[in-house]
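Keep the coordinates open while you read. We go from charged pairs to strands and then to loops.

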Amino acid sequence: MLALTELGQRLRQERESKGLSLEDLQKLTKIQKRYLLGIEEGNYEVMPGKFYVRAFIKQYCEAIGLDTDAIFEEYKSDIPSTQTEDMPQQLSRVRSRKEIPQHTKGVSKAYDYLPTVLVVAGVVVVGIIIWVIAQNIVSDKNKEQANQEAPNSEVQQSNTQEETNETTAKNDNSNSEDEQSAADKKEQEKEKAAKEKAAKEKAEKEKAEKEKKDSGKQEYKEVQKTGRSATYALSGTDAFNLEVTSTQADTWLDVKNGKGNAFFSSILKKGETKEFDLTKETEARVNIGYSPGVELKVNGKAVDLPFDSSKQVRQVVTIQYQPAEAQ
């Protein structure tokens, strides 16, 4: 096994302090375990290239809550720099030689077909002139025939107008019925929406009153502290709702019940909030990998972290819950 570099030792210590194995980190970053081990051992030869070394180190730092820029500056002697590789010029010159003959060949073929194109264009022009003359002759004949049939046309037009009026009347009645049906349907939808809105407002009001009532009786008090862990007792309420928000940086968050069943075990992104309904649980364990900027709320009420986050970055909070009705 290779000796750890200062950077590798720092990363491994930080990873282990958050209770993460290489397998856990592989799931978080999607980077193969052998590359993560190579970073910790300073064995960059296993990487696909220098660019990937820096990219993988950056993802490693973000996953465990470290400041990437600060790490790159502090351990720049341990991290290889990248360099841009120029594209071979020979490939560009070969492509140009292939394109030039094809272009010249196309122009030559166009000149070969030019006489044929001109002959076809002339034939088309003559055909258009003949078609226009024929249309004028047909138009004159149609005008004469129309003048002779005018009386009969007026009678037919009168009959057609009567039929049109009857059809219009029927359509008006049908449209009137459709409009009435649409109006009734719209009114029903409006009444339904009003009822749903009233029901929603009532439910929200009842919920707010219940939370207000519970918050007046709710007790959240410290039971014990040791190392980086603290235990609190929650009582005087019939609800146990937990909110966790990270406001400054990404952090590892692990929330389990007293039996060890996990509700969440992953990275909580900066600005993200996770909510948990733990009313049916008697105990919840909250493991915070990077506590600066993390806010906890119990039943909508903000509660303080047990330790100063500038001194204790990782903190574990256990909340023991006893419903009010069971007291």
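Lys256 is partly exposed, at 29% relative accessible area. Here buried means under 20% relative accessible area, exposed over 50%, and partly exposed in between (1.4 Å probe, protein chains only). Its side chain meets that of Asp254 in a salt bridge, 3.9 Å from N to O. A salt bridge is a side-chain nitrogen of Lys or Arg within 4 Å of a carboxyl oxygen of Asp or Glu. Asp254 is buried, with a relative accessible area of 7%.

This is a predicted model: local features need pLDDT of at least 70, side-chain atom pairs count only at pLDDT 80 or more, and totals for chains, interfaces and linings use all residues. Residues are numbered from 1 along each chain as its sequence is written, and side-chain values use heavy atoms, with hydrogens and water left out.

By the salt-bridge rule, the count comes to 11. Side chains of opposite charge can pair when their charged atoms come close. One of these bridges joins the side chains of Lys58 and Glu62, at 2.6 Å from N to O. Lys58 and Glu62 are four residues apart in helix H4 (residues 50-64), so about one helical turn separates them. Helices (H or I, at least four residues) and strands (E, at least two) are DSSP runs, numbered from the N terminus. Lys58 is partly exposed at 38% relative accessibility. Glu62 is also partly exposed, at 34%.

Another salt bridge links the side chains of Lys76 and Glu73, at 3.5 Å from N to O. Lys76 is exposed, with 54% relative accessibility. Elsewhere, Arg12, Arg15 and Glu40 form a network of salt bridges.

Now turn to the strands. E1 (residues 219-226) and E2 (residues 229-235) pair in the antiparallel sense over seven bridges. Two strands pair if DSSP finds at least two bridges between them. Glu222 stands opposite Tyr232 in E2. The hairpin of E1 and E2 has two residues between the strands, and Gly227 there takes a positive phi near 60°.

Which residues other than glycine have a positive phi? Lys30 is one of them, with phi near 65°. Lys30 lies in the loop between helix H2 (22-29) and helix H3 (33-41). At 71% relative accessibility, Lys30 is exposed. Asn299 is not a glycine either, yet its phi is positive, about 55°. Find Asn299 in the loop between strand E8 (294-298) and strand E9 (301-303). Asn299 is buried, at 18% relative accessibility.
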